[in-house]
Amino acid sequence: MPLSPDLLDQLASRLHEAARAATPIPQLTTEHSGLTLDEAYTIQRALIGLRKIEGFDLVGRKMGLTSKAKMVQVGVHEPIYGHLTKDMQLLSGETLSHARFCHPRVEPEIAFIMGRDLEGPCSAAEAMAAVEATCCALEVIDSRYRDFKFELTDVVADNASSSAFVLSDTLVPVGGVDLGNRGMVMEVNGEPKQIGSSAAIYEHPARSLATLAALIAERGEKVQAGDVVLAGGATAAVALSPGDRVRLRVDGMGTAELRVG
Ligand code: OOG
Ligand code: MG
């Protein structure tokens, strides 16, 4: 049985409150085992609507579960997307307050800054033609579900666990580096914790961008000029503790840094 629009709004409010209170909740699918992917994306949009009411504008979107390592870590084997709002963006080197999150984790990513609108479906080459610049990024994810456990539709409803992100100060113009195989080292407190390659992100981060365009085209939406797009974690995510200093270095693309307070 399809869930009513009112119920989808209520579920969005439940997730919104869980994020505000930094208190995890049971999975939505425990109560609503038949929740569909389409309904989950409707909840996600309602949740973003609630954030917008609080003054947090949209600054872009992110892809998630685009690498094997990420899929294995959370046991969900399908790429998904989420929305990024302004309050989620930190400057490189800034401090994130651990207390504002349920159980935050950090992961190494590649980001795109869009120069033009991009409408899917499109090829990876067409997607790259709409990009103005690329950079490396740290994404902080924080599931609003207990024990960081969820099904596909749960995590989609929860805006793909989006909670914060940091772009590197260095922006690389398109064509400046080959994005297909950049070494990525994520250090926590000076120790390499994850080592990977941008090749792990859907074989090439541009494919991830093209997939985002195709997925949102199903709802008549497009990637907008000026948007930030995160292509997805290249490695498994690492749990954050207060006091941690995180640094991502990507071959030819500079560094992104984050502190946890
Ligand atoms: C879902 C979000 C996945 C990524 O980069 O793969 C994601 C999660 O792992 O909680 O952001
Ligand atoms: Mg991510």
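Buried residues are those under 20% relative accessible area and exposed residues those over 50%, with partly exposed in between (1.4 Å probe, protein chains only). The views below come from a predicted model, in which local features need pLDDT of at least 70 and side-chain atom pairs count only at pLDDT 80 or more, while totals for chains, interfaces and linings use all residues. Residues are numbered from 1 along each chain as its sequence is written, and side-chain values use heavy atoms, with hydrogens and water left out.

**View 1. The loop around F148.** F148 lies in the loop between β6 (131-141) and α6 (152-157), where helices (H or I, at least four residues) and strands (E, at least two) are DSSP runs numbered from the N terminus. Although F148 is not a glycine, its phi is positive, at about 60°. F148 counts as buried because its relative accessibility is 8%.

**View 2. The loop around E203.** In the loop between β10 (191-197) and α7 (205-217) sits E203, a residue other than glycine whose phi is positive, near 75°. With 60% relative accessibility, E203 counts as exposed.

**View 3. The G120 to P121 peptide bond.** This bond is cis, with omega near -5°, and P121 belongs to the loop between β5 (105-114) and α5 (124-129). Most residues other than glycine have a negative phi, and most peptide bonds are trans.

**View 4. Surroundings of M114.** Not counting residues up to four places away in sequence, M114 touches several residues, among them A127, V131, L209, V223 and V229, a contact being heavy atoms within 4.5 Å.

Terms used:
Chains are lettered from A and ligands numbered from 1 in the order in which they are written.
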